[in-house]
Number of protein chains: 2
Amino acid sequence: MQGTRLSTARIRAARRVIDPMFLDTPLYRCEALEPHLGCEVSVKLETANPVRSFKARGTEVVASLLADEGPRAVVCASAGNLGQALAWSGRGRGLDVTVVASRFATAAKLDRIRALGARLELVDGDHETARERAAAIARQDGIRLLEDSLDLETCEGAATIGLELADTAASFDTVLIALGGGALATGVGHVMKALAPSVQVICVQPLGAPALTHSWHSRHVVTTDSTDTIADGVAGRYPVPAVLDDLLLVADDAVLVREASIIAGMRMLLDHAGLVVEPSAALGIAAILEDRDRFAGRHVVTIVCGSNVDPEAHRRWIGTAPADRA
Amino acid sequence: MQGTRLSTARIRAARRVIDPMFLDTPLYRCEALEPHLGCEVSVKLETANPVRSFKARGTEVVASLLADEGPRAVVCASAGNLGQALAWSGRGRGLDVTVVASRFATAAKLDRIRALGARLELVDGDHETARERAAAIARQDGIRLLEDSLDLETCEGAATIGLELADTAASFDTVLIALGGGALATGVGHVMKALAPSVQVICVQPLGAPALTHSWHSRHVVTTDSTDTIADGVAGRYPVPAVLDDLLLVADDAVLVREASIIAGMRMLLDHAGLVVEPSAALGIAAILEDRDRFAGRHVVTIVCGSNVDPEAHRRWIGTAPADRA
């Protein structure tokens, strides 16, 4: 494989600084889903931890480096999960954490960031506005700016999921990965290509937030003017060029799915797997629902990447979509 | 400690025959629950596996013994979780599994037992009727009868949860355990008393199915004529004397909780921890809700023992109880 920015050796080293609570997460077949999807389905469950998403794998790496030798203060922009994870990892190491988020972010995520003791600044605008503001704070205050997907710690932390998948890669042939900024996809994709190259790496993004998928298909950065999706965790507009370069090396495909399919996926995971997930975590199931023929007979792993969802919104979405229709 | 029927050495040996998929389950703080409960709360999550309950820990032990040297056919009575687990463990080892259940059992559980290839026989009556019928089948057909909580494999399989808890026992002071037949409580209780004796072992049963709790308090077997609870997984009427003897040695207390508290606990786990659980798995939270003063300032571990619930019933229950009222 032509080289990504990531290093398999550094990914293995990352495992040693991540709290074991976030590692070796459940990976198991969900046979009750399969009659509805027409393929074998396993879930890699990244929600059974104190921050209810995979993001702490990356923030544990960042925070441990900062605690050892860096500045004691760090700021990030976040749709909510990165901020929550950074707040958790920073609190345990005495770091001063600031999170910038859109004031339209999921309330449950913002509440948890505050509860974990981080400073939370809300901006009018979307996630890209929050990114600009976080960069400005870092410049003004001379503190570390953590940039999701650009900073290698976030990719290599997420990539530790790939190490765990590679251990059992003989049993499946496809991995479906939610595509947002790209840390999860480039991280897991890098490890799959390095250690389990027969596994197909398919990224999934909402039709309403397609910038990185369009970029992947056209092989250069494509931006969009707005996003329109309930999948708040993956709703970016400005792909990072270096991340796109990595994604071009490790992804076998990138597909877009409709909102109705995301909701149907959420309901299916609830009704047949007993899992509450946030919209981003249902993207993989949505991709199967939209192209059953493509996945027929395969054994697919989908990474259930987060469960931070407003309970009322979840109930409202679930109430609108029968489980067996996309 | 005076001797129970269980052996810590055999419990350690059990770990070696249980599919690792069922071991080393997530154990983590749920800080978002804590403002509502007034104590530190961690969950030991036994639902992120192919059968969505802890029961496979025991059936893996049974099935591996049978596959090695026993009869190739086995029958059990089950409210649904044991049967599902035995079907799963037996299928992988080529065993012939029969499950007897009440025709009023949770539909989702019965569906999964059938889907896993077991023979399912339904009886008119409750779980005690199913136990009688399973014993009759075993006698007639000369096959192995698996009796939950009486057979040591079920207790020692469940007890492997205790080994995992004991590894971090310095961080908590109380474990809350759903009390049904008693396998989980005597198993985990045995290990706590052996390896972490400072941890308080508190069993929790519904007021509507109090037989074993009444037996524990009166120190002799007390039966009831009926049960009336949504917590189907723990709704027995005839405690097993040998199990009561063990429970008297390892439990520090046994408490009863109201149905409204069980529902409030289920909703709290959904809204603040993102967990869908069956009623039995909310008994621990219900116990805290009913006696906040007792648990104030403590660090409590509650074992979330199963998530096999009919989705519609779950939605109906959740819809009836605000999260913050018991």
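Student: How is the model numbered, and what pLDDT limits apply?
Tutor: Residues are numbered from 1 along each chain as its sequence is written, and chains are lettered from A and ligands numbered from 1 in the order in which they are written. Because the model is predicted, totals for chains, interfaces and linings use all residues, whereas local features need pLDDT of at least 70 and side-chain atom pairs count only at pLDDT 80 or more.

Student: By what turn can chain B be laid on chain A, and what relation is that?
Tutor: The superposition is by least squares on the C-alpha atoms of residues with pLDDT of at least 70 in both copies. It gives an RMSD of 0.0 Å, with a shift of 0.0 Å along the axis and a turn of 180 degrees. That is the relation of a two-fold axis.

Student: Which elements of chain B give two or more residues to the side that touches chain A?
Tutor: Contact here requires C-beta atoms, placed from the backbone, within 7 Å; 20 residues of chain B are in contact with 20 residues of chain A. As 100% of the interface residues of chain B are also interface residues in chain A, the copies meet through the same surface. Helices (H or I, at least four residues) and strands (E, at least two) are DSSP runs, numbered from the N terminus. On the side of chain B, the elements asked for are β1 (27-29), α5 (107-115) and α11 (259-273).

Student: Which helix gives the most to the side of domain 1 of chain A that touches domain 2 of chain A?
Tutor: An automatic or database domain assignment divides chain A into domain 1 (8-53 + 152-318) and domain 2 (56-146). The contact takes 28 residues from domain 1 of chain A and 22 residues from domain 2 of chain A. With 7 residues, the helix that gives the most on the side of domain 1 is α7 (residues 152-166) of chain A.

Student: Which strands are at the edges of the 6-stranded sheet of chain A?
Tutor: Two strands pair if DSSP finds at least two bridges between them. This open sheet has mixed pairing and the order β1-β2-β10-β7-β8-β9. Pairing on one side only marks the edge strands of chain A, β1 (27-29) and β9 (253-257).

Student: What is the bridge partner of A:T174 in β10(A)?
Tutor: Strand β7 (residues 174-178) of chain A and strand β10 (residues 299-304) of chain A pair in the parallel sense over 3 bridges. The partner of A:T174 in β10(A) is A:V300.

Student: How many residues of strand β3 of chain A are buried?
Tutor: A residue is buried if 20 or more other C-beta atoms lie within 10 Å of its own, exposed if 12 or fewer, and partly exposed in between, with C-beta atoms placed from the backbone. Strand β3 (residues 73-77) of chain A is largely enclosed by the rest of the structure, because its buried residues number 4 of the 5.

Notes: Two residues are in contact if their C-beta atoms, placed from the backbone, lie within 7 Å.
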